[in-house]
Amino acid sequence: MKKILFMASECVPFIKTGGLADVVGSLPKYFNQDEYDVRVLLPKYLCIKEMFRNQMEYRTHFFMDFCYRNQYVGILELKYQGILYYFIDNEFYFGGAWPYSNMYEDIEKFAFFSRAGLSALSVIGWRPDIIHCHDWQTGLVPVYLNDSFQGNLFYRGIKTIFTIHNLKFQGVWDIDTIKRITGLSDYYFTSDKLEAYGNGNLLKGGLVYADWITTVSKTYAEEIKTGFYGEGMDGLLRARSKQLTGIVNGIDYESYNPMTDKDIPYPYNANHFLEGKEANKKNLQKELGLKVDKNVFMIGIVSRLTDQKGFDLVDYMIQQICSEDVQLVVLGTGEKKYENLFVQYAQKYPSRVSANIFYSEALSHRIYAACDAFLMPSLFEPCGLSQLMSLRYGTLPIVRETGGLRDTVQPYNEYDGTGTGYSFANYNAHEMMNIINYAKDTYYKNRKAWNVMVESAMKKDFSWNASARAYEDLYNSLV
């Protein structure tokens with residue numbers, strides 16, 4: 001049996017700030033448990049819900065020299081939905097109301113987590129064949145394995161995979177500070193290792209020293225080898241392209257199932273969706289104070305409200321998006337200019353625009369179930385999960401052709417009736433508006449074709465099953 005350890009900074013249901021947590025929390029459940037013993041190692045944040053912290057069992061503890069101090073390292077464990085989770089305990093680093101803070105504090109926090117997590121393995125006596133590292137917070141794991149841990153036979157031969165969830169976030173600070181925190185020698189701070197553009201870079205450590213690199217869609221794996229998407233790492237990623245694979249993310253089809261979802265009032269499935277989506281639409285219209293009309297074209301947005309997500313395009317076209325034959329429902333928080341933009345239009349058109357400037361998992365499910373279309377015009381999108389959720393609920397995505405959006409949404413072809421949504425190629429507000437109008441036109445003038453697409457979208461399989469098989473193949477090739 002192959003032993004695999006996931007190391008990450010967040011994981012549902014314990015702690016979540018973004019899509020990384022969904023991946024780390026969902027993917028391990030989909031491996032063949034007769035062949036793979038997959039466990040997950042996380043920080044024990046004080047902000048994890050008390051109900052979970054109370055279920056954790058103390059395993060052991062030890063002290064570790066780190067950053068000129070002798071640090072306590074507690075190890076707790078919890079079995080949840082068949083997966084064994086380990087938690088690294090140290091309130092100095094993992095106290096506080098939020099998992100992330102200032103970058104220089106986070107670099108020390110996650111350097112500690114990387115070193116403590118590796119050290120904990122020999123203490124509990126469980127040796128993984130592969131450590132699967134996620135994002136810059138675990139970038140030091142392959143580096144430490146190559147460095148001080150090589151002297152210990154227990155660690156020799158452990159392989160590492162580094163998954164990029166979003167290349168934009170890299171863990172960058174000045175070299176002297178990173179050198180002092182990590183205890184790594186000058187040897188590691190050259191341009192072919194952790195140094196990048198005059199600074200130290202933790203993500204780069206993972207990219208240089210991991211045995212294999214993956215990212216979360218095939219298109220994004222190609223895009224990050226170019227200057228525009230590469231965030232300064234494109235040269236390194238081109239150099240490592242033979243050890244770089246794109247495996248598209250999935251979603252948990254148990255949590256996102258319109259037939260059993262407790263957060264939506266009217267269940268439905270791919271074979272009987274018309275009445276269900278109609279009833280959910282009218283229910284959401286009442287809930288949000290919009291005009292109740294089962295026939296109006298309703299567009300949903302569930303997102304961080306940032307430039308990356310394409311909201312500068314929406315800003316430019318919002319007057320036309322909010323035309324009289326459309327309702328717009330927005331859920332999310334982010335940059336103040338976009339929060340204010342949607343609030344302003346909700347005040348201007350209260351019967352057809354709803355701005356919900358907060359986050360609610362339950363409301364997001366009702367939006368996926370009620371809307372006709374889902375707008376996601378991202379500048380870049382490593383994978384994206386929202387479009388997968390909207391497909392699952394029969395809400396047709398309108399996306400820009402980038403990263404995982406390109407890999408998962410099949411554009412409508414009016415000549416052969418195929419497709420699961422709509423897409424546009426160039427990052428251009430007018431092009432986005434044209435495709436929104438095209439979708440609206442199909443909805444109002446060719447409802448039969450629209451409904452065929454809804455059925456096709458709901459029957460697509462973007463569960464973790466296919467992706468888990470691809471990861472299993474990768475694990476087999478490394479061990």
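## The second largest pocket

In this predicted model, 14 residues line the second largest pocket, and Leu274, Lys277, Asp372, Tyr443 and Arg447 are the ones nearest its centre. Two elements each give two or more residues to that lining: α10 (274-288) and α17 (447-459). The space inside comes to about 220 Å³.

## Aromatic pairs

Let's turn to the rings. The structure holds 39 aromatic pairs. One of them joins Phe31 and Tyr475, with ring centres 5.6 Å apart; the planes meet at 40 degrees, so this pair is tilted. Phe31 sits in the loop between α1 (19-26) and β2 (36-43), while Tyr475 belongs to helix α18 (residues 464-478), so the pair ties together parts that are 444 residues apart in sequence. Phe31 has 4% relative accessibility and counts as buried because the cut-off is under 20%. Tyr475, at 0%, is buried too.

Elsewhere, ring pairs link Tyr45, Phe66, Phe92, Tyr93, Phe94, Phe112 and Phe113 into a cluster.

Arginines also meet aromatic rings here. The charged end of Arg115 sits over the ring of Tyr144, 4.7 Å from its centre. Over the face of Tyr253 you will find Arg392, at 3.9 Å from the ring centre.

Key:
Residues numbered from 1 in each chain as written. Predicted model: local features only at pLDDT ≥ 70, side-chain atom pairs only at ≥ 80, totals over all residues. Heavy atoms only, no water. 1 Å grid on protein atoms, 1.4 Å probe; cavity = no way out; pocket = protein on both sides within 12 Å on 5 of 7 lines; lining within 4 Å. Points joined across faces, edges and corners; volume = space filled by probe spheres on them. Helix = DSSP H or I, 4+ residues; strand = E, 2+ residues; numbered from the N terminus. Phe/Tyr/Trp six-rings, centres within 6.5 Å; stacked < 30°, edge-to-face > 60°. Buried < 20%, exposed > 50% of the residue type's maximum accessible area, 1.4 Å probe, protein only. Lys NZ or Arg CZ within 6 Å of the ring centre and 35° of its normal.
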